[in-house]
Amino acid sequence: MAKGDKAAIGLGLIGCGSFGEFCLETYRDVEGVRLVAAADSRPEAARHVAQRFGLAFAETPEALIARDDVVLVHIASPPSTHYSLALEALRAGKHVLCEKPLATRPEHAAAMLEVAREHHRILPVNFVLQYNEVTERVRAVIDSGLLGTALHASFENFAKDEQLGEAHWFWKAAVSGGIFIEHGVHFFNLYTHWFGPARVVAAHTQTRPGAESEDRALCVLQHDRGTIATHYHGFDQPERLDRQLHRIEMEIGEIQVHGWVPERIEVMGLVDEVSLAGLRKLLPGAEVETLEIYPPDRQQYRSRWQSRRATQRVRLRWQPDADKPTLYRQGLRDLLADQIAYLRDPNHTRKVAEQNGY
């Protein structure tokens with residue numbers, strides 16, 4: 001949307017780090033949005049970003065919030081700042097799009113949502129994983145029942161720390177909230193999207209030897225639909241070994257999802273003619289590999305006290321025609337477009353709303 005279009009919703013960015021710049025690059029392509037201003041606690045960073053994108057430079061976040069041409073404030077500053085900045089923006093009559101996490105303390109998050117309700121303003125968190133084609137196809141396979149129900153799911157995040165020096169705010173729990181809050185919320189929200197609401201059964205964090213920095217975290221969840229899930233996050237890998245894997249154990253198969261931004265799917269399972277056709281429909285164009293073929297006298301089997309039939313065991317591989325950066329940008333665009341659609345029409349149903357962040 002052209003910068004001079006007065007009908008567009010004016011967006012101001014607070015937080016001019018590399019991710020803030022990435023968001024602005026992406027938002028330039030979102031219809032109905034006009035990029036207006038940039039601010040940061042470091043004025044020199046805000047000035048650089050404002051010049052690069054042709055925006056107004058706001059000397060402070062407060063000055064940005066006070067601008068009449070800013071309708072929506074995107075908060076991309078460290079987590080400990082979200083509470084105070086969001087409250088100020090909401091009370092000034094601004095809508096807010098907040099980076100994860102919504103806050104570092106649940107009572108702060110609850111207060112933020114209450115102020116948003118009082119002022120009739122939106123306050124979603126930028127949960128891009130729900131706006132990902134791979135994510136939605138995984139959910140479709142789970143919900144189809146073609147592989148039975150989801151029994152267990154695990155997320156293993158072997159994350160890089162090569163750019164996270166000892167002084168980085170990520171390691172300061174008072175600023176970041178720790179791994180569960182700063183990073184884990186993406187995947188708690190994703191698993192709620194796939195498996196429904198959950199409660200924490202057990203959790204553990206580990207600090208780096210010789211330091212107070214929390215660099216590993218493990219959590220076990222019980223989802224209401226019966227799925228048990230485990231989440232492991234370790235920030236201790238060189239960049240070239242950064243990798244992530246979701247494994248979803250179904251009653252008669254398995255789903256693997258690769259990448260923290262989901263990039264590709266592998267589905268393995270016992271199928272007959274009907275269920276294989278159903279999986280092909282949900283994963284159009286997937287590569288199908290036959291692992292075993294069962295003769296008529298071996299097609300009947302039992303699982304979880306049920307009689308079932310399978311003609312073969314197969315593996316399907318599917319991925320979209322896009323790389324990780326493209327998928328990430330598309331998720332950001334779609335999330336912002338979803339929020340803009342709601343601001344223009346309150347009858348529009350958003351994929352991500354305020355309660356997701358809480």
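Predicted model: local features only at pLDDT ≥ 70, side-chain atom pairs only at ≥ 80, totals over all residues.
**Entry 1: the whole chain**

I began with the secondary structure. The chain has 11 helices and 16 strands. Next I checked the radius of gyration. It is 22 Å, close to the 21 Å that the globule rule gives for 358 residues, so I noted the chain as being as compact as a globular protein of that length. Along its principal axes the C-alpha trace spans about 75 × 55 × 40 Å.

I then looked up burial. Of the 358 residues, 50% count as buried. I also looked at how far apart in sequence the contacting residues lie. Among contacts with a separation of 6 or more, 69% come from residues 24 or more positions apart.

**Entry 2: the five-stranded sheet**

I traced an open sheet of five strands. I wrote down its order as β3-β2-β1-β4-β5, with parallel pairing. β3 (56–57) and β5 (95–98) are the edge strands, and each pairs on one side only.

β2 (residues 33–39) runs parallel to β3, and two bridges join them. Ala-38 has Phe-57 in β3 as its bridge partner.

Which helix packs on this sheet? I found α1 (residues 18–27), which touches β1 (9–14), β2, β4 (72–75) and β5. The direction of α1 makes about 165 degrees with that of β1.

**Entry 3: the nine-stranded sheet**

I moved on to an open sheet of nine strands. Its order reads β7-β8-β9-β6-β10-β11-β12-β16-β13, and the pairing is mixed. From one strand to the next, the twist averages 10 degrees.

**Entry 4: β11 and its neighbours**

β10 pairs with β11 in the antiparallel sense over six bridges. The two form a hairpin with two residues between them. Glu-249 stands opposite Glu-254 in β11.

On the other side I checked β12. β11 (residues 253–258) and β12 (residues 264–271) run antiparallel, joined by six bridges. Ile-265 in β12 is the bridge partner of Val-257.

Is β11 mostly covered or mostly open? It is mostly covered: six of its six residues are buried. In a regular strand the side chains alternate between the two faces of the sheet. I sorted β11 by direction. Gly-253, Ile-255 and Val-257 point one way. Glu-254, Gln-256 and His-258 point the other way, and all are buried.

**Entry 5: Glu-266**

I stopped at Glu-266, which is found in strand β12. Why do I list this charged residue as buried? Its relative accessible area is 18%, and the cut-off for buried is under 20%, so Glu-266 counts as buried.

I looked for side-chain partners. A polar contact of 3.4 Å joins the side chains of Glu-266 and Arg-264. Leaving out residues up to four places away in sequence, Glu-266 touches Glu-254, Ile-255, Gln-256, His-258, Arg-315, Leu-316 and Arg-317. Of these, I had already logged Glu-254, Gln-256 and His-258 as pointing one way from β11.

**Entry 6: helices across the sheet**

α6 (residues 133–144) lies across β10 (243–250), β11, β12 and β16 (312–318). It runs at about 170 degrees to β11. α8 (residues 179–195) lies across β6 (150–160), β7, β8 (214–223), β9 (228–237), β10 and β11. The angle of α8 to β8 is about 25 degrees.

How do α6 and α8 pack, by angle and axis distance? Their angle is about 35 degrees, and the axes are 9 Å apart. I listed the residues that meet. α6 gives Thr-135, Glu-136, Val-138, Arg-139, Ile-142 and Asp-143. α8 gives Leu-190, His-193, Trp-194 and Phe-195. I recorded the make-up of this contact as five nonpolar, two polar and three charged residues.

Definitions and conventions: Residues numbered from 1 in each chain as written. Heavy atoms only, no water. Pairing = 2+ DSSP bridges. Helix = DSSP H or I, 4+ residues; strand = E, 2+ residues; numbered from the N terminus. Axes fitted to C-alpha atoms, helices over the stretch in contact; angles between N-to-C directions. Contact = heavy atoms within 4.5 Å. Buried < 20%, exposed > 50% of the residue type's maximum accessible area, 1.4 Å probe, protein only. Polar contact = N/O pair within 3.5 Å; in protein donor to acceptor, adjacent residues only side chain to side chain. Nonpolar A, V, L, I, M, F, W, Y, C, P; charged D, E, K, R; others polar. Rg over C-alpha atoms; globule rule 2.2 N^0.38 Å.
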